[in-house]
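Good morning, and thank you for coming. Please look at the structure now on the screen, and I shall then walk through a few of its features.

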Amino acid sequence: MTQREHLRNLALLGLLALGLLALPQGLSVYLTSFALFTMMYVVLALSWNIISGFTGYTSFGHVAFYGIGAYACAILVVDHGWSWVTTLFAGALVAGLVAVAIGYPVLRLKGPYFAIAMLGMAEGTRVVATVWDGLTHGGLGISFPSVENSTSTYYAMLVLMLITIAVAYLVAHSRFGIRLNAIREDEVAAEALGINVTRYKLLAFVLSAVFPAAAGGIQAYKVLYIEPQAVFFVQITIAMALMSMLGGKGTVIGPVIGAVLLYTAQELTWVNFPTAHLIAYGLFIIVVARFMPRGLIGFAIDRGWVRKGMVH
Amino acid sequence: MMPDANGIALEARDLRKAFGGVHAVDGCSFAVPRGKICGLIGPNGSGKTTTFNLLTGLAQPDGGQVLHDGVDIAGLKPYRIFRRGITRTFQITRVFREMTVLENMLSVTGLAVPDRVARERAGELIALVNLTHLRGEYGGRLSYGQQKLLEFARALMTDPDVILLDEPAAGVNRTLLQQLLEQIHRLQETGKTILIVEHDMNVIMNHCERIFVMDYGVKIAEGPPSEIQGNERVIEAYFGRRQSGVVHAG
Ligand SMILES: Nc1ncnc2c1ncn2[C@@H]1O[C@H](COP(=O)(O)OP(=O)(O)O)[C@@H](O)[C@H]1O
Ligand SMILES: [Mg+2]
């Protein structure tokens with residue numbers, strides 16, 4: 001990509017930021033909260049995409065990091081009196097450390113074995129949150145004292161989303177990102193070309209863990225109540241994956257588009273047809289997988305509307 | 001006469017590798033002299049690719065040593081061996097299929113240069129193998145011969161010391177093959193050591209100074225092309241038990 005295109009993209013991101021900064025002034029509480037959750041899914045899908053899209057390790061357990069972040073926020077605010085913004089960094093740190101600890105063994109597994117191991121690890125964290133009463137208050141969950149938080153959490157999520165987009169963009173257009181792609185395409189060849197694949201995969205995994213943790217923390221403070229079933233909910237992982245795949249995994253714009261479209265669609269069907277919502281979801285997955293296996297961006301690339309590759 | 005030890009870039013000593021009951025490499029020793037183009041030949045299944053895998057860390061030897069500049073590198077991780085300046089291409093191409101030609105080039109590590117310099121270098125090498133018009137195309141969309149050329153160019157990104165080419169001519173058209181061979185000679189002139197596995201005997205006999213012949217996992221002959229062509233054991237390996245190749249000068 002040329003210098004000019006980078007500047008153009010930076011300008012676009014700046015415009016988006018300005019628009020979103022002004023947004024809560026003109027919107028109802030409901031729509032502000034809708035915007036917040038849309039941004040949250042942008043963060044989640046983009047983060048999932050770093051390990052699963054760029055690097056090719058499909059994770060079925062990414063909600064674990066989100067849940068860890070949510071619990072870090074709730075425990076530190078409610079039990080230890082921390083300021084909630086500080087807990088976001090703590091949650092990200094814990095998630096990063098967990099990612100290193102479990103990534104080291106689990107990233108040796110390939111394809112479905114990695115996916116299943118991650119599913120198991122997410123279930124594991126949920127069980128820990130349920131049974132470790134002393135730390136997590138167990139299955140009853142944790143309630144925050146009531147506060148006015150709709151604007152502060154909105155801006156926190158906006159900042160987090162901008163950071164996540166910037167990081168994903170920098171990764172995608174760097175030689176680091178190209179090497180992650182190389183690992184996805186052919187790990188043996190990548191290693192034969194000098195790439196320390198263990199280290200690269202671990203770095204990608206940690207990057208993909210910290211932002212969901214911060215998002216989980218913001219979400220916890222927004223909703224003011226968490227419990228294991230809600231924050232370690234497997235459907236959140238599925239959403240991250242689907243959003244990336246719908247937009248086009250392995251790209252930066254793909255997961256952003258996918259998150260906005262799918263979250264909006266989900267919210268509309270959920271409100272209007274509570275029961276049909278899951279059926280619609282399922283049909284949607286089938287249509288995307290059948291007609292756009294590489295997502296909207298892949299569809300556009302195949303038709304020559306978008307250039308191939310990240311680096312030009 | 002063997003070149004003296006100082007002149008040896010890469011040496012296999014009694015290398016062994018078995019897959020189940022198949023002794024793919026069975027006590028193979030040879031020394032590649034520095035700054036020369038050498039050939040490694042042998043009938044199909046004689047263990048040439050496995051030997052390359054052992055030299056580059058893609059397979060772990062069951063026994064023996066690999067000496068690079070006198071240091072034993074057998075069993076090191078592939079990326080460590082690569083960073084010592086030993087690079088390779090693959091018999092069955094391994095280009096990154098959903099990455100562009102340029103991205104394939106830039107994926108290579110060990111290049112402590114700024115992005116701009118790496119891109120310039122990638123651009124020059126892409127031009128060298130006549131792929132400039134395809135630099136934005138996915139690797140998987142190239143013809144087999146073009147993929148071979150891309151792998152060759154990719155192997156040169158780091159300015160390596162020793163270059164191992166596994167059947168570089170297969171699928172490459174005559175004109176491009178001629179250019180490829182010129183490049184290989186140019187590399188030699190700058191002091192690189194090159195070892196080529198190839199079935200095209202014209203390439204081997206006309207371009208290699210020294211040839212190692214393998215059969216059933218061991219070296220059965222070694223020498224300059226003129227000696228190898230008349231070597232009885234070599235002729236027997238190719239004609240005697242199998243009909244898989246022909247040794248003749250082109
Ligand atoms: N990964 C492997 N697993 C089992 N057998 C193998 C493997 N790689 C090579 N072989 C066997 O080892 C022998 C040597 O193969 P190879 O090194 O590819 O020979 P060449 O490159 O000389 O044709 C063959 O019999 C082959 O079938
Ligand atoms: Mg072979």
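Helices (H or I, at least four residues) and strands (E, at least two) are DSSP runs, numbered from the N terminus. This is a predicted model, in which local features need pLDDT of at least 70 and side-chain atom pairs count only at pLDDT 80 or more, while totals for chains, interfaces and linings use all residues. Residues are numbered from 1 along each chain as its sequence is written, chains are lettered from A and ligands numbered from 1 in the order in which they are written, and side-chain values use heavy atoms, with hydrogens and water left out.

I begin with helix H10 of chain A, residues 197-223, where A:Arg199 is placed. Is A:Arg199 buried or exposed? Buried means under 20% relative accessible area, exposed over 50%, and partly exposed in between, with a 1.4 Å probe and protein chains only. A:Arg199 has 53% relative accessibility and therefore counts as exposed. A:Ser208 also lies in helix H10 of chain A, but with a relative accessible area of 0% A:Ser208 is buried.

Next, the salt bridges. A salt bridge is a side-chain nitrogen of Lys or Arg within 4 Å of a carboxyl oxygen of Asp or Glu. Over all chains, 21 salt bridges are found. In one of them, B:Asp115 pairs with A:Arg175, with 3.2 Å between the closest N and O atoms. This pair crosses between chains, from helix H4 (residues 115-128) of chain B to helix H8 (residues 175-185) of chain A. B:Asp115 is partly exposed at 33% relative accessibility, whereas A:Arg175 is buried at 12%.

A further salt bridge links A:Asp186 and B:Arg94, at 2.7 Å from N to O. A:Asp186 sits in the loop between H8 and helix H9 (187-192) of chain A and B:Arg94 in the loop between S6 and H3 of chain B, so this pair joins two chains. A:Asp186 is buried at 12% relative accessibility, and B:Arg94 is partly exposed at 26%.

Within chain B, B:Glu11 forms a salt bridge with B:Arg13, the closest N and O atoms lying 3.1 Å apart. B:Glu11 is buried, at 17% relative accessible area, while B:Arg13 counts as partly exposed at 39%. Finally, salt bridges with shared partners join A:Arg175, B:Asp115 and B:Arg119 into one network.
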